[in-house]
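Here is a short note to read alongside the structure. Keep the model open and check each point as you go.

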Amino acid sequence: MKISRFVGFVLLLVVLSNCNRAISEDTSYKFDPSLEPKVSEIVNSLSLDEKVSLFYGNGKFWSAGIERLGIDEVQYADGPLGIREELERHSWSPAGWTTDSATFFPAGGGLSATWNTDLAYEYGSAMGAEARARNKDYLLAPAVNIQRSPLGGRNYEYFSEDPVLNSNIAVPMIKGIQSQDVAATIKHYAINNQETRRGSIDVQASERAIREIYLPVYKAAVQEADVYSVMCSYNRFRGPYVCENEYLLRDILKGEWGFKGTVMSDWGATHSTVESALYGLDISMGNGGEGTYHETYFGDPLAKAVQDGDVPQSVVDDMASRVVRVLLNVKKNDPTRKTGSINTPEHSELVYKVASESIVLLKNEANLLPLSTSELNSIAVIGDNATQTLSSGGFGAGVKVVYEVTPLEGLKNRLPNVEINYAKGYDETYERNGFMRSPAFKGDPSLVAEAVELAKNSEYALVFIGGNRLVESEASDRTTMELPFGQAELVKAVTAANPNTIVVMVAGTPFDLREIEPTTSSFVWSWFNGSEAGNAIADVLIGTVNPSGKLPFTIPEKLEDSPAHATNSFPGNETEVVYEEDILVGYRWFDTKNIDPKYPFGFGLSYSTFKYGSPKINKTRFSANDVLEITIPVTNTGDKDGKEIVQAYVRADKSGVMRPAKELKGFTKVSVNAGKTVSSTITFDIKDLAYFNESTMSWVVEPGDYTILIGSSSRDIREEIAIVVE
Ligand code: BGC
């Protein structure tokens with residue numbers, strides 16, 4: 001009786017909300033306020049035991065539903081590279097299914113390097129559909145921590161060093177995921193920027209740094225995308241662990257920002273019962289095992305804490321409301337819920353699109369690229385990264401794929417009539433350090449000799465180097481930016497043997513390029529780029545795709561130039577890390593301190609060239625509530641159709657406080673056909689010019705002079721516009 005009434009009620013609401021949707025924009029990603037009476041009704045009907053059962057994992061990726069009300073168990077899956085393969089209920093071992101393959105989506109770095117917010121939405125929506133096809137309720141994505149150091153082990157999963165690019169990719173991705181009736185779980189909240197001692201490190205960062213750099217993406221996710229869930233991270237912040245951090249969870253996230261969804265612990269990141277419940281954790285995951293889950297923090301101990309009066313009933317009611325709210329909003333057990341789709345040709349096409357827009361052309365000095373296919377006879381493909389699959393590995397989440405096209409396969413697909421020979425060039429070898437592994441740096445001279453021989457006898461040599469899923473890994477940071485496995489020696493030897501050598505980096509984080517840069521005339525950056533990675537890189541190399549990606553991070557000349565290392569504050573000591581560079585993260589540091597990077601943030605070439613015309617601005621004197629709009633004509637002066645990412649930075653010309661030399665405020669990606677001019681528009685709020693004032697604990701837009709810098713990268717500013725804020 002109860003079950004059918006519940007379903008009927010939800011059905012009615014769905015019909016109503018679908019009508020609304022048809023007449024306005026698709027807001028299905030949002031919390032639906034009309035479900036609130038039902039949330040209260042359900043929560044009021046639950047016993048304490050029923051409530052408590054909702055708050056902890058009772059399997060690695062499961063938690064209880066409410067059987068009595070016909071609500072099934074809740075299922076979770078990693079993201080963020082695609083829907084993770086099924087694991088055994090009580091262990092990290094694969095469950096051995098044959099029906100749990102999924103599309104491998106380009107990792108975070110690749111998605112953000114597209115700077116394409118529409119693609120980010122489609123990406124989220126396709127990933128959400130795959131999660132639904134595997135019957136998941138929560139997708140543990142996106143992963144958005146700021147790339148504070150080039151050594152960060154999980155940089156490849158993350159989007160950027162810049163909070164504005166970060167938010168502009170995360171927000172549409174979350175909307176896309178949630179449009180499929182699955183909860184996005186933005187992670188890892190917060191200020192979790194290293195893997196070294198991630199489970200205990202206490203992060204000290206100034207209020208200004210957290211507000212201006214580390215928190216904006218979460219705030220945007222809550223306020224612009226109505227994200228349903230937030231995963232709290234392993235680290236401590238200013239003392240307490242994040243998952244029991246009153247300031248981060250209760251005051252900021254749920255208080256200031258008004259977050260209405262669930263705070264979920266990272267796996268094993270809960271450390272207490274009473275504090276965690278009081279300070280804002282709702283779901284504790286990753287503790288206990290078969291038969292013992294209920295003994296952990298949010299199981300029996302929480303029920304007892306409520307009975308003893310240590311945790312007020314109102315707190316568990318609020319926690320239960322959040323859990324139920326998310327379940328109703330994803331339409332759990334509602335027959336109209338989307339059922340998703342997985343491994344479809346459409347998803348393959350999408351990951352191809354993302355991958356091909358993500359690839360960054362760094363250098364093309366000898367105009368070797370694009371390869372002229374009509375005159376091409378032979379290519380030497382060199383390097384283990386030409387044949388590496390990247391969908392799983394290391395400590396991080398993996399995807400069981402139906403297929404993954406490697407660069408070597410991609411080139412063979414696209415160039416069936418060209419003689420393509422392969423030489424491995426280097427072996428990936430590791431030194432063991434407990435259960436962690438660190439890459440060896442020496443190469444194998446015999447593999448180099450073989451590669452050199454092949455390069456000599458081919459018209460072109462394509463050398464694929466960089467990281468992989470063990471070099472860049474969850475649970476450890478790299479110890480150096482050096483290229484691993486003797487890759488630098490390999491590149492130098494191959495380039496000396498054949499000047500027609502093109503180097504392709506496959507990596508999600510900066511490497512030290514000093515050794516190979518001087519002799520490398522042609523340089524391309526690819527990513528852990530999904531199932532279609534090989535086809536995408538092949539199409540860029542032969543020019544079927546005109547590269548249009550730009551770097552979402554700075555590649556420093558050397559590690560010591562980058563902010564966390566220049567200030568000797570990465571990864572901190574045994575207990576604590578102090579973010580000494582403060583707000584000067586990424587290019588903010590390089591530009592303010594006048595340090596030349598190897599390749600700047602926002603940089604990327606095309607096979608075309610783009611000329612910027614004089615920008616037009618809606619006005620030059622603004623008040624704090626205004627919106628600024630700039631239109632910039634962009635002319636493709638080359639002979640290939642292409643895409644350009646126009647970036648708007650702002651400099652505060654006079655300020656009462658330290659301001660970075662420039663900060664990204666907006667960008668747009670435009671398609672411009674050869675010889676044509678397209679007008680591009682960037683808008684942002686004058687409010688976005690604010691800095692965070694630590695003494696008043698508020699955002700302040702200082703009146704005065706500002707300069708808008710319109711550029712093709714952070715270091716290639718084409719136009720400047722002076723404005724005044726009154
Ligand atoms: C990672 C999370 C992940 C979780 C579940 C943790 O180790 O930090 O990103 O979602 O495991 O696999």
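1. Start with the crossing of helix 5 and helix 6, which is right-handed in this predicted model. Helix 5 covers residues 117-133, and helix 6 covers residues 163-178. Two numbers describe a packed pair of helices: the angle between the axes and the distance between the axes. Here the angle is about 35°, and the axes lie 6 Å apart.

2. Which residues of helix 5 and helix 6 meet? Helix 5 brings Thr117, Ala120, Tyr121, Tyr123, Gly124, Ser125, Met127 and Gly128. Helix 6 answers with Asn168, Ile169, Pro172, Met173, Lys175, Gly176 and Ile177. By class, this contact has eight nonpolar residues, six polar and one charged.

3. Now look for empty space. A probe the size of a water molecule, rolled over the atoms, shows where it is left. The largest pocket has a volume of about 1300 Å³. Its lining counts 39 residues. Closest to the centre are Val164, Ser167, Asn168, Glu224 and Asp688. Asn168 is also part of the contact between helix 5 and helix 6.

4. What supplies the lining of the largest pocket? Helix 6 gives the largest share, seven residues. Other elements that each supply at least two include helix 5, helix 7 (207-214) and helix 8 (216-225). The lining has 17 nonpolar, nine polar and 13 charged residues.

5. Where does the largest pocket lie? Its lining takes residues from both domain 1 (5-329) and domain 3 (610-725), so the pocket lies between them.

How values were computed:
Residues are numbered from 1 along each chain as its sequence is written. This is a predicted model: local features need pLDDT of at least 70, side-chain atom pairs count only at pLDDT 80 or more; totals for chains, interfaces and linings use all residues. Side-chain values use heavy atoms; hydrogens and water are left out. Axes are lines fitted to C-alpha atoms, for helices over the stretch in contact, and angles run from 0 to 180 degrees between N-to-C directions. Helices (H or I, at least four residues) and strands (E, at least two) are DSSP runs, numbered from the N terminus. A crossing is left-handed if the near helix is turned anticlockwise from the far one by less than a right angle, and right-handed if clockwise. Contact means heavy atoms within 4.5 Å. Ala, Val, Leu, Ile, Met, Phe, Trp, Tyr, Cys and Pro count as nonpolar, Asp, Glu, Lys and Arg as charged, and the others, Gly among them, as polar. On a 1 Å grid over the protein atoms alone, a cavity is a set of points where a 1.4 Å probe fits but cannot get out, and a pocket is an open set with protein on both sides within 12 Å along at least five of seven lines; lining residues have an atom within 4 Å of a point. Grid points are joined across faces, edges and corners, and a volume is the space filled by probe spheres set on the points. Domain bounds come from an automatic or database domain assignment.
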